[in-house]
Amino acid sequence: MNVWVLLAVNSIALGGLLFLLSSGFSLIFGLMRIPNLTHGSFFMLGAYLGVTFLDHGINFWLAALLSALAMAVLGGLIERLLLRRLEGQVLPQVLLTLGLAFIIADVCLMVWTGDPWQPATPRHLQGAVQAFGIFFPIYRLVILGVAVLVAVALWLMVDWTRLGAMIRAGVDDAAIARVVGIKVSQLFTLVFCLGAALAAFAGVMGAPYLSVYPGLDFEMLPLALIVVILGGTGSLLGALVGSFLIGFLYNFGQAMFPDLAYVILFLPMLLVLVLRPQGLFGRVVS
Amino acid sequence: MREAYLRYVAVAVALLCLVSLPVWIGNAYYINIASQILLFAVFALALNVLVGYGGLVSLGHAGLFAIAGYAGALMLQAGHGHLVSDLAAIAVTLAASAVFAVLALRSTGIGFLMITLALGQIVWGVAYRWASLTNGDNGINVNSRPAPFGLSLAGAEAFYFASLIVFLLAVVTMVLFVRSPFGASLRGTRDQARRMTALGYNVWLIRFLAFLFSGFWSGVAGLLFIYYNQFVSPQVAALQASAEVLLMVISGGTATLLGPIAGAAIVVVMKNVVSAYIVRWNLVLGVIFIAIITFMPEGLVPGSVRLWRLGWGALRTRASVPSLRVQGDGAP
C-alpha cells in the first residue's frame, strides 16, 4: 500500500519536473515551430551550472535562478545569431541545433568529467511532512509547487496579458502582426530565452533528484518531445497533463516492468499519434 | 552527347579504382576503412531516398540499422545459419520500417522528424535497457562471418569485395529508382504534394513504399556492419548514429547519387583521423554540422560543382578580357 503511495508521490514530482522542461519546449517547438534539439542540452548544462554554483555555497534558489539566467542569455544568443538566419528552414535548423547539442554535450564532458554529480537536497527542503498517516518528502512537494506556479504564470502570460496576445498573434500570422506594429522578431527571441531558462531551472530543480551525468541531455529531449506530442503542440494544458501522465508511467513502469520502463513511456505517444494526431489538447491546424 | 560519354568514362574509372583498391592500398587497416566507407555509403544512400527525394528528414534511421543488426546477431546467437539469420533480419527490419512509416507518416516536416527521433530512441531504449534480450550495454558478439559459395569473408580483402558487391547493387537499385516513374512520383510528392493528390496519386502510399525501400537498404547496411564489426551494442542505435548518417547525406548533398557516397567517405575518414588524434569526435561533429549549414548549405558535392562552375566561369571571362581590351582602347 505504502509503496504505491510513494510511487505516486514520486510520479507527481517527476511530472512537475517534466512540465518545467516541456513547457519551454512547448513554447519553442509547439508555438514557434522551431525544432530545438538543444532543449535537453539547456537542461543538462543548466543543471551542471547549478551544481557548480551550489558547490560554491550559493543558496539553492539563487543558484537555480542564476543558471536559468545564464541559459536565457545563451539561448538568446543562439536564437539571434544562428537560428534567426535560418527562419522557416526546418532541415538547417535541425542540423544547427543538433550540432550545438553535440558541442554542448562534449564541452560538459570536458568540464564536468564523466562522473555523475548529485548535490545534496538543500537543508531547508529536507525531511518529510506527515499527512493522513503518510510521510511526504518535502522536496518532491516543492517541485510540484514550483511546477504549478510556473504553469499558472505561463497560462496567465500567454492567455491573459498583452504580451501573450502579441505572441499568439505573431505565431498565427507573423506578417499581419508586423503590419500592426508588433515586433515579432524580438518577441520570438524573448520566448526562446524563456524556454531555455525554464529548461535550465528544471535542470537545477531536478539535480538533487535525478543527478547530473553525461547523456542526460538526450535522455530528457525525447521526454520533452513525448510530452508535447502527447499533449498537443503549443498547448500548455496539454503539456501539463502529458507531463504528469509520463511521470506516472515512468515510475510505475520502472516498478513493474524495469526492463521495458523506458519503452512504455513512448506507448501513449504512439497511441495518440495513431488515434488523435493533433494530441490530446491540440487544435487542428489546417 | 559528349557529357554522357565523359560520364561513362568516369564510371568506368571509378569502378576500376574500387575493384583494384586492395591491390594499391595493401594495408589491411586502410582496406577496412574502405569497407566501412562502402557500408556507410549504402546506409547514407538508403536515408537519401527519404531525405533527398522524399523531403522527409528521418532522425531515427539508426534504429532501423540497429534492428537489422540486433535481429541478425540474435538469430546467429541462437544458432541459426547465416542465410536464415540474414533473411530473418531483413524481414524484421522491413516490418519495423512499416511500423515506423505508419506512425511517422501521420505527419510531415518537423513532425515527421520528431516522431522518427522518438522511434529511434525507443529502439535505443530496448537495446540499452532490455538487458535480458539484448544484453544491455555489453552488446552481442557475432562470432563468424558468412562464407557465401564457400568463399570465406574472414579476411579484410574478401570482406571489402563483399561490401563492394553489396554497395554496387545498392547503387544500381538507386539509379533505377531515381529514373523510374516511382522515383519521379516520389520527387513529385516532395515538391508538390497537393498537386500530386489532385492528379490522383496516393501520396501516402508513395511515401510509405519509399520508406520501406529506405528501410530495406538500411537493414542491409546494418547487417554488413555487424559482420564487419562482429559486435553490436546500443551505441549503434543512439541519436548520434542517426545524426552521423544524416550528416553524410547532407554534407555530400541531398537528392544526388554521388553526394551520400562522398559524404560517407568524408565522415568515416574524418572520424577515423580525428579519433586517432583527439577524443572529442562529438565536438568535431557538431562544428562540422554548423560549418556546413553556414558555408555550404546545399552540400559538398553540389557546392563544389557550384564553386567549380564559378571558378571555371571566372577563368573563361578572365581569358577573354585581354582580347576585349585589345579591341578597345588598348589600355594595359
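These legends go with several close-up views of a predicted model.

The model is predicted, so local features are described only at pLDDT of at least 70 and side-chain atom pairs count only at pLDDT 80 or more, while totals for chains, interfaces and linings use all residues. Residues are numbered from 1 along each chain as its sequence is written, and chains are lettered from A, with ligands numbered from 1, in the order in which they are written.

**View 1. Chain A as a whole.** Here we have 12 helices and 2 strands in chain A; both are DSSP runs numbered from the N terminus, with helices being H or I over at least four residues and strands being E over at least two. Along the sequence the order is α-α-α-α-β-β-α-α-α-α-α-α-α-α. The radius of gyration of chain A is 19 Å, close to the 19 Å from the globule rule for 286 residues, so the chain is as compact as a globular protein of that length. (That radius is taken over C-alpha atoms, and the rule is 2.2 Å times the number of residues to the power 0.38.) The C-alpha trace of chain A spans about 60 × 45 × 35 Å along its principal axes. Buried residues make up 50% of the 286; buried means 20 or more other C-beta atoms within 10 Å of a residue's own, exposed means 12 or fewer, and partly exposed is in between, with C-beta atoms placed from the backbone.

View 2. How far apart are the end C-alpha atoms of H4(A)? They are 32 Å apart, which agrees with the 33 Å that its 23 residues should span at 1.5 Å a residue; the expected span uses one less than the number of residues. H4(A) is mostly covered, with 18 of its 23 residues buried.

**View 3. Where chain B touches chain A.** The contact takes 32 residues from chain B and 31 from chain A, counting two residues as in contact if their C-beta atoms, placed from the backbone, lie within 7 Å. On the chain B side, H5(B) gives the most, at 12 residues. By type, that side divides into 22 nonpolar, 7 polar and 3 charged residues; Ala, Val, Leu, Ile, Met, Phe, Trp, Tyr, Cys and Pro count as nonpolar, Asp, Glu, Lys and Arg as charged, and the others, Gly among them, as polar.

**View 4. Helix H11(B), tucked in.** Of the 14 residues of H11(B), 13 are buried, so this helix is largely enclosed by the rest of the structure. Just after H11(B), Gly253(B) takes a positive phi of about 125°.

**View 5. Gln230(B) in its loop.** Gln230(B) lies between helix H10 (203-229) and strand E2 (231-232) of chain B. Its phi is positive, near 55°, in a residue other than glycine. Is Gln230(B) buried or partly exposed? It is partly exposed, with 15 other C-beta atoms within 10 Å.

**View 6. Confidence in chain B.** Confidence is highest in H10(B), at 94, and lowest in helix H14 (residues 300-327), at a mean of 62. The model scores ipTM 0.80 and pTM 0.84.

Key. pLDDT = per-residue confidence, 0-100.
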